Amino acid sequence: MKTQSSATALPAIAVTTPRTSGLGTLQAALGVGAFSLTFPATAWGLEGFGPWALVAVRSVLAALVAGGCLLALRVPLPARRHRSGLAVVAAGVVVGFPLFSTLALQTSSTAHAAVVVGLLPLTTALLSALRVGSRPSRTFWTAALAGAGAVAAFTVQQSGGALTTADLYLFGALLVCAAGYTEGGRLARVMPGWQVIGWALVFCLPLAVPAAALALALEPVRLTAHSVTGLLWVAVGSQFLGLVVWYRGMAAIGIPKASQLQLAQPLLTLVWSVLLLGEHLTPAAPLTAAAVLVCIAVTQRARG
């Protein structure tokens, strides 16, 4: 691979036509669908791997897939001016969020952990306003706050309202992931979204490989259909493919609007939790789903 000159202008992928906006919304929605399976898949992975091993091995596998794609297409190294942003993406979505959420899921149910993605859209929109200067309308903020409040109330009610060590991990995951999403969405405007997450994963490989070797040596491993399937999904589906379409979607329709599509993610996660893990939903789920869908519709129509 050759180093790309920082003076070379990278082609922007964000276009403002209605057709591209619709495609961007679809791509962001596909990303949300992939992410909604992350917590149930992580719970499966924890059946056979320790938390540190699961996080490190998923990073290695995702980096190998991403690096293979980058090599096959002979993609040049990113410009120096973009590498600090890629470091933020790596710290947030490659290391921070997987680590904190996996540690939380050791003692927390997936239903309770869904509070992270319930509050993530609002946090991402706030960081976006600070980082890239976006200024959504009051209608947007009102709908975003209402949606986040509905999801937070639902998920907290599921856990009885008690704060635990898992909650601290989830709060940390929320902050670092929002930062990674914001920086990744900004970079996806000047380079293809799959390259954003691809390079972030590859840059972590020198740390991920020894971490995986050490964790596998220290933590017990029990290979089962669930543990292997969960590991493969969080590595390839959530860590790479999901982020590819997610960053492309954010670049096309904007970080604040794309982030609001994630209001549906906690409820999708709850559905998967019932189907895959046998967890039980309360009667409040349909009401929360209706409230969230209304909020999503409003934010998608609001003008920034």
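Helices (H or I, at least four residues) and strands (E, at least two) are DSSP runs, numbered from the N terminus. The structure is a predicted model, in which local features need pLDDT of at least 70 and side-chain atom pairs count only at pLDDT 80 or more, whereas totals for chains, interfaces and linings use all residues. Residues are numbered from 1 along each chain as its sequence is written, and side-chain values use heavy atoms, with hydrogens and water left out.

The loop between α3 and α4 contains R74. The phi of R74 is near 55 degrees, a positive value in a residue other than glycine. R74 is exposed, with a relative accessible area of 74%; here buried means under 20% relative accessible area, exposed over 50%, and partly exposed in between (1.4 Å probe, protein chains only). L64, placed in helix α3, is also exposed, at a relative accessible area of 52%. The C-alpha atoms of L64 and L201 are separated by 8.5 Å, although these residues lie 137 residues apart along the chain.

The interior was examined next. A nonpolar core is a set of buried Ala, Val, Leu, Ile, Met, Phe, Trp, Tyr and Cys residues joined through side-chain atoms within 4.5 Å. The largest such core has 61 residues, and V93, Y181, I197, W246 and Y247 have the most contacts inside it. Helix α10 supplies the largest share of this core, nine residues. A second, separate core of eight residues includes F49, L54, A56 and A208. When residues up to four places away in sequence are not counted, V93 touches P98, C177, G180, Y181, I197, Q239, L243 and Y247, a contact being heavy atoms within 4.5 Å.

Helix α10 spans residues 225-253 and bends by about 40 degrees at L243, where the bend is the angle between axes fitted to the seven residues ending there and the seven starting there. Just after α10, G254 takes a positive phi of about 100 degrees. T182 belongs to helix α8 (residues 165-187). This residue is buried, with a relative accessible area of 2%. Beyond residues up to four places away in sequence, T182 touches T124, L127, S128, R131 and I255.

Grid points are joined across faces, edges and corners, and a volume is the space filled by probe spheres set on the points.

The largest pocket holds about 280 Å³ of space. Its lining includes W52, V55, V94, L99, C204 and A215. The elements giving two or more residues to this lining are α3 (51-72), α4 (80-104) and α9 (193-218), and α9 gives the most, with five residues. The lining of the largest pocket comprises 11 nonpolar residues, one polar and no charged.

One cavity of 30 Å³ or more was counted. The largest cavity contains about 180 Å³ of space and is lined by 17 residues, of which F35, T38, F97, Y181 and S238 lie nearest its centre. Two or more lining residues come from each of α2 (38-45), α4, α6 (115-131), α8, α10 and α12 (265-277). The lining of the largest cavity divides into 10 nonpolar, six polar and one charged, with Ala, Val, Leu, Ile, Met, Phe, Trp, Tyr, Cys and Pro counted as nonpolar, Asp, Glu, Lys and Arg as charged, and the others, Gly among them, as polar.

Definitions and conventions
1 Å grid on protein atoms, 1.4 Å probe; cavity = no way out; pocket = protein on both sides within 12 Å on 5 of 7 lines; lining within 4 Å.
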